[in-house]
Amino acid sequence: MPPKSKKSSTLALLAKTPTGITGLDEITGGGLPAGRPSLICGDAGCGKTLLSLEFIIRGAMEFGEPGVFVAFEEKAEELAINVASLGFDLPKMQKDKLIRIDHVQIDRNEIEETGEYDLSGLFIRLDHAINAIGAKRVVLDTIENLFSGLNNQGILRAELRRLFGWLKGKGVTAIITGERGDGGLTRQGLEEYVSDCVILLDHRVTNQISTRLLRIVKYRGSLHGTNEYPFLIDEEGISVLPVTSLLLESEVSSQRVSSGIPALDKMLGGKGFFRGSSILVSGTAGTGKTSVAAFFANESCLRKEKCIYFAFEESPQQIIRNMKSIGGDLKTHIDNGLLEMHASRPTLYGLEMHLVAIHKKIKKFKPKTVILDPITNLVTVGSVSEVKSMLIRLIDFLQAEQITVLFTALSLNTNVSEQTDEGVSSLVDAWLQVRDIESNGERNRGLYIMKSRGMKHSNQVREFVITDEGLDLVDVYLGTDGVLIGSAREAQQLTEATGQALRTHAVGQKDIEIQRKRKVLEAKIASLHEEFDSMQDLLNKSYIEEELRKEIMEKNREQMIKNRLSKNADHGKSK
Amino acid sequence: MAKASKTEKKEYKWELRLYVAGNTPKSVTALNNLKKYCEQHLKGEYSIEVIDLLVQPQLAEGDQILAIPTLVRKFPEPIRKIIGDLSNEEKVLVGLNIRPVK
């Protein structure tokens with residue numbers, strides 16, 4: 001049911017008087033019905049008096065509406081002391097005529113009843129008090145005390161009915177408190193008379209941890225939240241739990257923020273998470289969830305964005321020391337005022353107190369990033385469904401404020417569980433799982449992105465390594481033997497390197513051989529050339545010889561001819 | 001409302017104060033009953049002060065008045081209150097400690 005009534009209608013809506021109590025005005029859609037009495041009932045010690053007193057005090061301080069507090073139980077001085085611890089100066093406000101406290105004492109021992117009477121005395125006192133300061137708000141705490149002081153129930157009931165009618169006539173917004181009774185909301189059935197707005201307070205203790213709850217039983221003429229809302233009383237008074245965003249209407253950002261681990265950003269489409277998204281890092285013990293969280297915080301601070309780290313397991317000093325060993329310097333960020341660390345054991349207080357504490361610190365520090373490490377321990381103070389509802393409210397609140405949140409969660413079993421123990425995996429936008437992978441006698445970490453809404457992300461398992469310089473993700477070795485990690489991966493890589501060397505060597509050998517072959521071939525070619533040349537020479541030689549012979553023979557013949565001729569001539573002469 | 005006591009200074013053994021709100025039948029009955037009992041049992045030893053809260057509403061707080069009419073025995077101590085129209089004589093006398101419980 002939406003807590004806020006839309007003001008689109010032109011019809012006269014029920015006027016409301018804001019209480020000024022954190023959260024209550026949101027649940028009631030603006031406050032209590034103006035000019036009408038409302039009933040607040042609950043067991044002893046559940047905060048009725050404080051709630052109604054805060055209504056008066058805040059009315060006087062914040063809304064300029066003076067109020068009358070008619071106390072049937074406590075004296076004005078006692079009330080003043082009770083609220084002094086909340087920082088309210090009751091005597092001063094009484095002096096300033098903003099508040100008037102009227103203590104009505106009913107002592108059965110001094111009162112004797114005979115015959116007919118009415119409660120005009122009370123009316124007159126109330127009327128006088130209202131007129132004296134011009135009150136707009138009235139509290140009657142606890143009017144049921146009348147029943148213990150006076151015997152004639154018939155008269156009392158008739159007078160109460162008249163009183164509530166009279167209060168309506170006066171136009172004051174009134175709160176009547178009543179003790180819770182068996183079977184009914186109040187012991188004396190006051191709810192019969194006050195029917196416009198009934199708020200029930202409860203105080204429950206489960207597993208030794210107390211939880212205060214508030215529920216609007218009815219509210220005529222107005223929409224209102226119908227659930228039981230946890231509330232708490234602290235040094236600033238009552239805060240009903242932030243019930244933001246029942247409508248899922250928060251704005252979304254498409255801006256991306258780095259996770260602090262470059263390789264992880266690469267797996268997330270190269271840019272990291274969406275701003276204002278919720279991230280869950282789950283894994284078994286010792287898988288490095290806190291390291292992932294711390295690096296995310298570190299990265300946020302490096303971007304000069306404020307970050308709050310809520311640690312439920314380790315002390316801030318411990319985390320700082322541990323992160324230093326893997327290259328994360330959180331101390332500097334703390335000194336620079338960018339990082340705040342809050343450590344508390346989950347059992348310190350109940351869930352809703354945690355939520356409010358977180359809420360308040362976030363409101364105060366205004367961070368861009370919030371880390372909860374781990375949420376698993378919260379289960380020790382509440383049931384799984386309570387933790388889930390708390391986380392839903394927290395995520396809603398953070399999303400409305402555009403704050404990125406990272407939870408870590410411990411999964412108890414080593415197999416890949418589809419659901420974390422808190423059942424929040426469906427709520428978050430991105431879910432990383434860090435897992436132990438055990439093989440070959442060693443454990444290694446594997447990181448998966450189980451989901452990441454609205455972005456392309458890697459479906460591969462990466463080996464998650466923590467080094468002195470920080471966190472890194474290494475591609476796992478995918479070979480014929482399947483996925484190899486850790487030393488198996490390194491061994492495989494070594495084997496590969498050896499093979500590579502051997503191959504290189506072999507290739508070298510072959511090259512040399514080819515070189516040689518070439519040399520041989522070239523030598524052969526050279527010798528053939530020589531052979532050819534010598535053949536050619538031989539051929540030429542015979543040819544030239546032939547020529548020479550021919551020439552010589554020619555010469556010889558000519559010589560011979562010449563010789564013969566001359567011989568003949570000589571011979572002939574001499575003869 | 002006029003004060004029914006005699007002079008202020010005189011010390012009476014019984015100082016009674018009756019709170020009423022206007023001239024309602026209940027108030028009138030109560031006052032008449034009270035006067036009757038006092039005349040019968042405390043003649044000359046009592047003073048009755050009638051306070052109309054419609055006129056002096058601020059006085060209601062002092063004596064912790066809720067119901068109307070209320071009779072307050074201011075003296076002798078301790079303070080006793082009797083509410084109602086005082087129609088039951090026995091109860092009034094016991095309540096005011098004029099007559100011990102039988």
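Strand β6 (residues 111–113) of chain A joins β4(B) through three bridges, and the two strands run parallel. Two strands count as paired if DSSP finds at least two bridges between them. Strands (E, at least two residues) and helices (H or I, at least four) are DSSP runs, numbered from the N terminus. The model is predicted: local features need pLDDT of at least 70, side-chain atom pairs count only at pLDDT 80 or more, and totals for chains, interfaces and linings use all residues. Residues are numbered from 1 along each chain as its sequence is written, chains are lettered from A and ligands numbered from 1 in the order in which they are written, and side-chain values use heavy atoms, with hydrogens and water left out.

The bridge partner of A:Ile111 in β4(B) is B:Lys81. Axes are lines fitted to C-alpha atoms, for helices over the stretch in contact, and angles run from 0 to 180 degrees between N-to-C directions.

Within chain B, strand β1 (residues 14–20) runs parallel to β2(B), joined by seven bridges. B:Arg17 has B:Glu49 as its bridge partner in β2(B). Contact means heavy atoms within 4.5 Å.

The contact between the chains takes 27 residues from chain B and 25 residues from chain A. The buried area is about 2200 Å², of which carbon and sulfur atoms give 55%. This area is the accessible area (1.4 Å probe) that two parts lose on being put together, summed over both. B:Gln64, B:Leu66 and B:Ile83 supply 31% of the area that chain B buries against chain A, more than any other three residues.

Three salt bridges link the chains. A salt bridge is a side-chain nitrogen of Lys or Arg within 4 Å of a carboxyl oxygen of Asp or Glu. A:Arg100 forms one with B:Glu61, with the closest N and O atoms 3.4 Å apart. On the side of chain B that touches chain A, the elements giving two or more residues are α2 (59–62), β4 (80–83) and α3 (89–95) of chain B. The largest share, four residues, comes from β4(B).

Chain A also holds an open sheet of nine strands, with mixed pairing, in the order β17-β16-β18-β19-β15-β20-β21-β22-β23. Strands β17 (339–343) and β23 (470–475) of chain A are its edges, each pairing on one side only. Neighbouring strands are turned by 25° against each other on average, direction ignored. Five bridges join β16 (residues 307–311) to β18 (residues 369–373), which run parallel. A:Cys307 stands opposite A:Thr369 in β18(A). Helix α10 (residues 316–324) of chain A packs on the sheet, touching β16 and β17, and its direction makes about 125° with that of β17(A).

Elsewhere in chain A, β3 (residues 37–42) and β9 (residues 197–206) pair in the parallel sense over five bridges. A:Cys41 stands opposite A:Leu200 in β9(A). Strand β9(A) runs antiparallel to β10 (residues 209–219) of chain A, with 10 bridges between them. β9(A) and β10(A) form a hairpin with two residues between them. A:Asn207 in the turn has a positive phi of about 50°.
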